Amino acid sequence: FWTHTRLIQLFLNALQHSVAINSGFRNSGITVGKKGKIIMAVRSTHCLEVPLSHKGQVLVQEEYIDYVVQVANRKIEENRKRIERLVELHASSTTDNLEWLRFEDCLYKWK
């Protein structure tokens, strides 16, 4: 029974992983820990690392800072849209794909 429970959890995590990838979170993944704990992480690819100062001294012109702020705001907006897609897809995939999920079906499908 424990094994089948783990497989059901793995199936649900795989479903969540698919939803995350389809929502635009390409760095998402599933890992299995040493004790069999299954973890599904949703990670974004958005990143912005821009040194603007060092030891209290500004290294760039104010126009460049304005530009970096605009880029960061676009990334934040895109991330917000991805989160909205994730929520929508998760809601629809849960209701659409889990209606058939009964324990007997999992025993059959996962053997």
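Of the 111 residues in the protein chain, 21% count as buried. The model is predicted.

Trainee: Why is R82 called buried?

Mentor: Its relative accessible area is 8%. Buried means under 20%. So R82 is buried, because 8% falls under that limit.

Trainee: Where is R82 found?

Mentor: R82 is in helix α2, residues 62-97.

Trainee: Which residues is R82 in contact with, leaving aside its neighbours within four places in sequence?

Mentor: They are S23, G24, F25, R26, S44, T45 and H46. A contact needs heavy atoms within 4.5 Å.

Trainee: What makes R82 and E78 a salt bridge?

Mentor: Their side chains meet at 3.3 Å, N to O. The cut-off is 4 Å, from a Lys or Arg side-chain nitrogen to an Asp or Glu carboxyl oxygen. The pair is within the cut-off, so the name applies. R82 and E78 both lie in helix α2, 4 residues apart, about one turn of the helix.

Trainee: Is E78 buried, exposed or partly exposed, and how do you know?

Mentor: E78 has a relative accessible area of 26%.

Trainee: How many salt bridges does the structure hold?

Mentor: It holds 4. Among them are R80 with E77 and R80 with E84.

Trainee: How do you know that R80 bridges E77?

Mentor: The closest N and O atoms are 2.3 Å apart. That is within 4 Å, so R80 and E77 form a salt bridge. Both lie in helix α2, 3 residues apart.

Trainee: What about R80 and E84?

Mentor: Their closest N and O atoms are 2.3 Å apart. That also meets the 4 Å cut-off, so R80 and E84 form a salt bridge. Salt bridges that share partners join E77, R80 and E84 into one network.

Trainee: Why is R80 called partly exposed?

Mentor: R80 has 36% relative accessibility. That lies between 20% and 50%, so R80 counts as partly exposed. E77, at 31%, is partly exposed. E84, at 37%, is partly exposed as well.

Trainee: What makes K55 exposed?

Mentor: Its relative accessible area is 80%. Exposed means over 50%, so K55 qualifies. K55 is in the loop between β3 (53-54) and β4 (57-58). K55 has a positive phi of about 50°, although it is not a glycine.

Key:
Residues are numbered from 1 along each chain as its sequence is written. This is a predicted model: local features need pLDDT of at least 70, side-chain atom pairs count only at pLDDT 80 or more; totals for chains, interfaces and linings use all residues. Side-chain values use heavy atoms; hydrogens and water are left out. Buried means under 20% relative accessible area, exposed over 50%, partly exposed in between (1.4 Å probe, protein chains only). Helices (H or I, at least four residues) and strands (E, at least two) are DSSP runs, numbered from the N terminus.
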